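Subject: Structure for you to look at

Hi there,

Here is the structure I promised to pass on.

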Amino acid sequence: MSLLVAAAMCLCISTAHAITLFNSVEQAHQGLEPFPQWSSVLERHYKDLASGSTGPLAKWFSFISKIKGQPPGRQLYLVNQYINKHRYVVDKINWGLTDYWATPREFLRKNGDCEDFAIAKFMTLRALGWKAQGMRIVAVKDQNLNVMHAILCVDNNGELMILDNQASNVLHANRIRHYEPVYSVNEQGWWRHKSKASAGKSKVRIIKKGKKQK
């Protein structure tokens, strides 16, 4: 997840702070310039949707149609279960690249790593009618394993719920203690996260890239 380094080194810091995800202090930023891979996913995915429900997307659309009328909490659970059935495959093996962000079509065809799971869940919920501003793909540091990871955070009626490829159940964010968010992103912008202890410091703390977690 090489973009972690670029995001962590960004010096454009907002003056407005709010304690939110995993008890962090977040700084909102407009635009997606620091995240070209995410911008590319958005462009490619919506082109895939315009081409119709063919290939791997046919079963995906069928799944979406089946759960369309389910309550929101049930939809979160079913989407997490559906996407988590896929295998974890590192980018180097899957694409011959150190870091690659896959569209849902690509993920459904070739599986993927942690951010690909999160992206597929994000786009599945978008197809179900969930609003982009209520969801974020979050890059976190797993403090237990000292590795980077990616998850999806969803606001479900004021409650922050976590969809994780390592958890079969959808978990309330308040129940998770070992994730330290680094940045989060959706279709509208991105957020830099800091711990409460370091939020008041002007010096930017660099997060070194580590081994990516499944």
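Contact in these notes means heavy atoms within 4.5 Å. With that in hand, Asp155 touches Trp130, Gly134 and Leu160, leaving aside residues up to four places away in sequence. From C-alpha to C-alpha, Asp155 and Trp130 are 9.6 Å apart in space, and they are 25 residues apart in sequence. Asp155 sits in strand S4 (residues 147–156), and because its relative accessibility is 36%, Asp155 counts as partly exposed. The cut-offs are under 20% relative accessible area for buried and over 50% for exposed, with partly exposed in between (1.4 Å probe, protein chains only).

Two points on where this comes from. The model is predicted, so local features need pLDDT of at least 70 and side-chain atom pairs count only at pLDDT 80 or more, while totals for chains, interfaces and linings use all residues. Residues are numbered from 1 along each chain as its sequence is written, and side-chain values use heavy atoms, with hydrogens and water left out.

The overall picture

The chain has 7 helices and 8 strands; these are DSSP runs numbered from the N terminus (helices H or I, at least four residues; strands E, at least two). Of its 214 residues, 52% are buried. Among contacts between residues at least 6 apart in sequence, 66% join residues at least 24 apart.

How the helices pack

For the angles below, axes are lines fitted to C-alpha atoms, for helices over the stretch in contact, and angles run from 0 to 180 degrees between N-to-C directions. Under 35 degrees counts as roughly parallel, over 145 as roughly antiparallel, 65 to 115 as roughly perpendicular, and the rest as oblique.

- H3 (residues 56–67) and H7 (residues 114–127) have axes that come within 10 Å and cross at roughly 55 degrees, which means H3 is oblique to H7. Trp60, Phe63 and Ile64 of H3 meet Met123, Thr124 and Ala127 of H7.
- H3 and H4 (residues 72–84) have axes that come within 11 Å and cross at roughly 155 degrees, so H3 and H4 are roughly antiparallel to each other. Here Lys59, Trp60, Phe63 and Ile67 of H3 meet Gln75, Leu78, Val79 and Tyr82 of H4.
- H2 (residues 36–50) and H7 pack at an angle of about 45 degrees with their axes 12 Å apart, so H2 and H7 are oblique to each other. Trp38, Val41, Leu42, His45 and Tyr46 of H2 meet Ile119, Phe122, Met123 and Arg126 of H7.

The cores

A nonpolar core here is a set of buried Ala, Val, Leu, Ile, Met, Phe, Trp, Tyr and Cys residues joined through side-chain atoms within 4.5 Å. Which residues touch the most other members of the largest nonpolar core? They are Trp38, Leu125 and Leu152, out of 44 residues. H7 supplies the largest share of this core, with 8 residues. Leu125 touches Leu76, Val79, Trp130, Met135, Leu152, Val154 and Leu163, again not counting residues up to four places away in sequence. There is also a second, separate core of 10 residues, which includes Val140, Cys153, Ile162 and Ala173.
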